[in-house]
Amino acid sequence: MIGTEVLVVGGGLAGSVAALSAARDGARVTLVSKSESTLRQASGLVDVLGRVDGDLVADPFAAIEDLPESHPYSVVGTEALREGLALFDDVTGDRYRGGDRNALVPTTQGTVKPTLRYPASVAPGIAGDGHETLLVGISTDPDFDAKRAADTLAGTVPGEVRGVTVRFPRLRDDAKRTRYAKLLTEDAEFRDALVEKIAPKVDGADRVGFPAVFGEDPAFVRAELEAGFDAAGEPVSVFEVPTGPPSIPGTRLRDLLRHELEAAGVELVTGVPVVDFEAESAGSGDEDGERVTSIVVDRNGARVPYAPEQVVLATGGLVGEGIDSERDRVYEPVFDLHVPHPEDRYDWSEEPAFGDHAFARFGVRIDDDARPLDADGAVAYENLRAAGAVVGGADTATGKAASGVSLATGSRAGTRAATAVTQS
Amino acid sequence: MSTDNEDDFEPIQVFPEGDADLRPGADSCYKCSTCDSSCPVAEVDDDFPGPKFQGPEQWRLTRKEDQEIDDSIMKCSNCMRCDGACPSDVPLSQMHNTARAQYVEESMSKLSVEYWRNRLLANYGTMARFGSMFPRLTNAVMGNSLVQKLNDRFVGITSERDFPEFATETFREWWADRGGAAVESDEKRVAYFHGDYANYNTPEVGKAMVRVFEHFGYEVAVPEQRCSGTPMFANGMLDDARRAARFNVETFADLVDDDYDIVCSCTSCSMALRQEYPELFDFDDTERVSAHTYDAVEYLRIHEDLDGELEAVDDVDAPDFAYHAPCHARNQGLDGQTTAVLSNLGDVDAHDVGESCSGISGTYGWKSENYDASMAIGEEMFEHMDEAEPETGLTECPTCAMQMEHGSDYPVKHTLQVLEAALTDRPLPA
């Protein structure tokens with residue numbers, strides 16, 4: 001068996017934060033994930049608590065105090081969230097912005113998203129300051145209709161918002177966002193041609209927003225484009241509007257985290273699902289509970305066993321397949337942990353699409369040590385912890401709290417797993 | 001306590017006419033385009049429409065009888081990064097392999113220079129078998145600049161690269177000469193899939209694999225074998241690949257019956273046996289051979305206390321390394337393995353030079369028309385190698401090693417050679 005101290009299952013935000021927390025606390029960590037990080041599909045924004053009962057939240061830390069007991073924030077506490085955010089800030093440095101209050105980040109749909117941390121390249125576009133905005137869409141990218149987004153935004157935020165669609169120079173119709181990113185980063189002629197097309201449309205706007213395709217070093221691309229607009233006699237701030245997948249800001253965040261994980265000595269094992277595990281009694285008595293002794297991953301048909309001292313489960317929720325369902329039950333597929341849910345499947349959802357669905361809260365329940373609990377409320381395995389969307393108890397999609405829950409539970413699970421290793 | 005895998009996509013579900021049924025793969029694609037953003041070719045090549053088109057979209061389009069496979073399929077380098085990027089388990093590389101085979105079968109002229117150039121590259125082992133009969137002569141001829149120019153102009157093999165030299169003694173000759181296995185064991189047995197490259201070009205890698213496993217008390221078998229098929233898949237030569245794969249599966253299945261596990265030193269070979277064989281073929285023992293195949297270092301980590309043995313070594317005659325994880329290692333979840341294993345050696349540092357693809361992807365970067373794109377993809381790795389302190393490269397893939405040497409002029413070693421130096425006290429060969 002392959003030995004390690006802390007084995008983290010899942011490579012999204014929660015798993016990365018758990019692995020990094022544990023490694024920085026001195027544990028030897030292996031991070032196993034079944035495919036590439038889901039952060040590539042994520043916006044790159046970090047929402048902590050954006051809505052409560054449908055209302056926008058300005059100060060998430062104040063609003064957390066009033067959340068129900070079942071909410072993961074209530075279980076692990078504000079302190080865990082603060083620790084997770086501190087780690088995030090340390091990893092992202094000057095590439096991210098944000099303080100203790102939510103900012104409203106405009107999206108490609110023309111809505112605004114209440115967000116606590118956002119890329120620095122997004123910062124000049126924050127809604128609410130009344131600046132005049134021009135949004136630029138790429139004619140061949142159907143995911144960002146700049147005119148429609150501008151109309152929607154103009155109806156909700158102060159300041160004029162206009163949209164214009166341009167054809168990016170000399171590219172095939174289905175060119176990838178990575179291709180735009182590479183050209184914007186490396187090709188001055190490409191940037192000049194783009195500015196030449198857009199400058200006549202600026203018409204007094206204070207800022208120009210592009211879909212987020214500024215590549216690995218958005219600060220450089222922004223500076224170059226701003227210099228171009230300056231030279232054309234149209235001085236503006238240039239910013240990115242976060243897009244749906246494939247997301248360049250999400251990929252950048254994934255790259256930053258991965259770099260830190262590597263620097264912290266975490267072994268990254270990507271592309272292999274966990275298919276089996278073994279457990280044994282944690283002590284001699286009946287009261288002692290169980291502990292996980294081995295985790296088996298599948299490498300293209302070959303079973304590869306790991307022998308970790310501590311395990312963190314960060315496999316995602318219903319969408320990420322960390323929680324799954326059949327007609328008559330909802331379950332957690334790796335350890336078959338207890339997932340509370342109504343017996344009658346017709347109670348799993350409500351009729352309105354955006355109703356108060358029970359399924360949105362499906363997930364394992366944890367204690368303040370981040371350890372999953374069985375149906376009787378007892379710790380399931382004494383050396384197993386859970387983090388991120390696999391933890392239920394709150395509708396984090398509607399509450400705009402998914403990233404914050406990942407930071408808080410990931411930090412708690414990782415630091416406690418490392419403590420358990422050093423104490424043993 | 002096994003997990004429920006009933007819903008897993010079963011790659012081969014044979015239609016009456018014998019083709020793999022790829023519909024479940026196409027249906028699983030929800031067009032998020034994440035595969036496209038992980039494709040190293042689409043990032044640099046304006047003529048390449050990306051893996052989403054080549055896989056699920058093209059599969060749908062070609063359900064209509066008059067629709068042919070687009071010739072851009074030949075620009076796919078078969079790095080297989082899209083497989084790992086897909087959040088929905090679409091078998092992209094399998095779709096690319098079958099589409100490429102269909103294109104070569106139906107749309108590529110069997111009289112064209114491109115076809116015969118690709119056939120030649122795909123069947124490197126055959127070329128190598130003849131070349132290595134007179135290694136010094138072959139090396140002199142292939143290293144001749146006029147020959148290289150003619151190759152470039154008339155065959156389409158780039159003259160920018162130096163041909164890999166043939167060893168004066170192949171691995172199999174060495175193995176026969178030493179009388180085969182030096183250790184016998186009924187319990188610890190591995191069958192070595194060395195592939196063509198370790199046999200004809202880098203026998204020192206094969207020797208290192210044998211010595212390291214014998215150090216741990218394994219009986220090593222070196223059965224007759226053919227090319228793993230990797231360059232054949234990449235060139236759409238699926239009939240050639242099927243013949244080679246059938247031979248390998250039959251040979252190694254017999255050894256699995258005798259309690260051998262299969263180990264590979266090349267990560268593209270292990271990838272072929274583990275993933276591509278079950279995706280593309282359905283010989284009797286395909287799945288069984290796949291489930292018993294391991295990367296050599298991975299195997300030692302599972303069955304031996306490799307970490308402990310390396311920690312106990314106090315002096316290794318080896319430099320620090322600039323390590324590149326091959327795409328095909330990455331796709332098997334082996335990308336972090338080498339740096340983790342070598343971190344147990346106090347005085348050797350393996351510095352990872354980043355996640356980018358090296359750009360050569362087997363035969364892809366050898367084709368004249370792909371050379372520039374291949375070097376553009378590799379640029380990031382070259383820069384990271386340049387920035388890193390060590391001036392010796394390290395990787396498990398023979399063609400990544402060629403690209404690393406080509407872009408940096410560093411000598412490039414294999415991880416098994418470092419283990420050999422550490423555990424058997426042999427100096428690292430120059």
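**A tour of chain A: one sheet, one helix pair**

Start with helix α6 (residues 188-202) of chain A, which lies across β9, β10 and β11 (207-211) of chain A and runs at about 145° to β10(A). Helices (H or I, at least four residues) and strands (E, at least two) are DSSP runs, numbered from the N terminus. Axes are lines fitted to C-alpha atoms, for helices over the stretch in contact; angles run from 0 to 180 degrees between N-to-C directions. Contact means heavy atoms within 4.5 Å.

This is a predicted model: local features need pLDDT of at least 70, side-chain atom pairs need pLDDT 80 or more, and totals for chains, interfaces and linings use all residues. Residues count from 1 along each chain as written, chains are lettered from A and ligands numbered from 1 in written order, and side-chain values use heavy atoms, without hydrogens and water.

Next, select the sheet. Four strands form an open, parallel sheet in the order β10-β9-β11-β12 (chain A). Strands pair if DSSP finds at least two bridges between them. β10 (161-166) and β12 (237-241) of chain A are the edges; each has a single partner strand, so one side of each lacks a neighbour in the sheet. The twist averages 25° from one strand to the next.

Zoom in on strand β9 (residues 133-138) of chain A. Six bridges join β9(A) to β10(A), and the two run parallel. Pick A:Leu135: its bridge partner in β10(A) is A:Gly163.

Last, select helices α1 (residues 13-24) and α8 (residues 248-263) of chain A. Their axes come within 10 Å and cross at roughly 25°. α1(A) and α8(A) are therefore roughly parallel (angles under 35 degrees). Show A:Leu13, A:Ser16, A:Ala19, A:Leu20 and A:Arg24 in α1(A); they meet A:Leu257, A:Glu260 and A:Leu261 in α8(A).

Methods. Parallel < 35°, antiparallel > 145°, perpendicular 65-115°, else oblique.
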